[in-house]
Amino acid sequence: MSDLGDWFRSIPLITRYWFAGSIALPLVGKLGLVSPVYLFLWPDAFLGRFQIWRPITATFYFPVGPGTGFLYLVNLYFLYQYSSRLETGAFDGRPADYMFMLLFNWICIVITGLAMDMQLLMIPLIMSVLYVWAQLNRDMIVSFWFGTRFKACYLPWVILGFNYIIGGSIINELIGNLVGHLYFFLMFKYPMDLGGRNFLSTPQFLYRWLPNRRGGVSGFGVPPASARRAAEEQQQGGRRHNWGQGFRLGDQ
């Protein structure tokens, strides 16, 4: 138990709470402590009855059973693996910026879920994070099942196909990929590579709640090629975002 506790405490802070919630809530539903009926995202219940907790519970809850257990465990692994890599890599020392990314992706997924009558949001949010990681490490060679190797930029689409085989649907994965692409495009691609306006900016209250840390070491990825130049321009202009140096591919 001590080893398990040490491992759990070693998980980056934000990923740790997300990971714990994604275990606790399915367990609560499985044990019948709370009826799963109250954990799904149902537009009529959320909007009509003002049950405002549903977008949150639908993000952490997943019905675990004989037909869904493997899919749940696979995506729980993806959550731990790629959220940890982002939080300690490209977002190392900047928990507020990472929290903002999660909130932005989550809000987009909730809006999409309400529009499309989606009941569970766990997989789309995980996939959106995995997509961002894959884009920041797009040229890294990754290994998947049965020893297959390919560039990281293809990983979200490989997983989409894999989840389709074991789960029978691609809607959750597709929405997650699209939301992840929206964040990546607005935060990195459009302002840094295409010279466009920066539409996304982390709110100040998140910096007060989760202040930046100094002395972090990153190495899980690299923003687009012009990120360093954009970061220098932002520093000179007094803006908050500072991607810094050292996000070189393969430093891990």
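When I say helix, I mean a DSSP run of H or I of at least four residues, and a strand is a run of E of at least two, both numbered from the N terminus.

Quick housekeeping before I go on. This is a predicted model, where local features need pLDDT of at least 70, side-chain atom pairs count only at pLDDT 80 or more, and totals for chains, interfaces and linings use all residues. Residues are numbered from 1 along each chain as its sequence is written, and side-chain values use heavy atoms, with hydrogens and water left out.

Back to Ile 107. Its relative accessibility is 45%, so it counts as partly exposed; on this scale buried is under 20% relative accessible area, exposed is over 50%, and partly exposed is in between, with a 1.4 Å probe and protein chains only. Its C-alpha is 9.8 Å from that of Leu 125, which is 18 residues away along the chain.

Now the overall layout. The protein chain has 11 helices and 2 strands, and in sequence order they run α-α-α-α-α-α-α-β-β-α-α-α-α. There are 252 residues, and 50% of them count as buried. Take contacts (heavy atoms within 4.5 Å): among those between residues at least 6 apart in sequence, 69% join residues at least 24 apart.

So what is in the middle? The largest nonpolar core has 66 residues. By nonpolar core I mean buried Ala, Val, Leu, Ile, Met, Phe, Trp, Tyr and Cys residues joined through side-chain atoms within 4.5 Å. At least two residues of this core come from each of α2 (13-31), α5, α6 (95-116), α7, α8, α9 and α10 (204-209), and α7 gives the most, with 11 residues. Leu 86, Tyr 98, Met 101, Trp 133 and Tyr 183 have the most contacts inside the core. If you click on Met 101 and ignore neighbours within four places in sequence, you'll find it touching Leu 86, Phe 91, Val 129, Val 132 and Tyr 183. As background, nonpolar side chains tend to be buried together in soluble globular proteins.

Next, two helix pairs. Axes here are lines fitted to C-alpha atoms, for helices over the stretch in contact, and angles run from 0 to 180 degrees between N-to-C directions. Helix α7 (residues 122-136) and helix α9 (residues 171-193) have axes that come within 7 Å and cross at roughly 45°. That makes α7 oblique to α9; the scheme is under 35 degrees for roughly parallel, over 145 for roughly antiparallel, 65 to 115 for roughly perpendicular, and oblique for the rest. Among the residues making the contact are Met 127 and Tyr 131 of α7, and Gly 176 and Tyr 183 of α9.

The other pair is helix α5 (residues 69-88) with helix α8 (residues 155-167), at an angle of about 160° with the axes 10 Å apart. That makes α5 roughly antiparallel to α8. Their contact includes Phe 70 and Phe 78 of α5, plus Ile 159 and Phe 162 of α8.

Most residues other than glycine have a negative phi. Phe 50, though, has a positive phi, near 60°. Phe 50 is in the loop between α3 (43-48) and α4 (54-60), and at 61% relative accessibility it counts as exposed. Asp 117 also has phi near 60°. Asp 117 is in the loop between α6 and α7, and its 47% relative accessibility makes it partly exposed.
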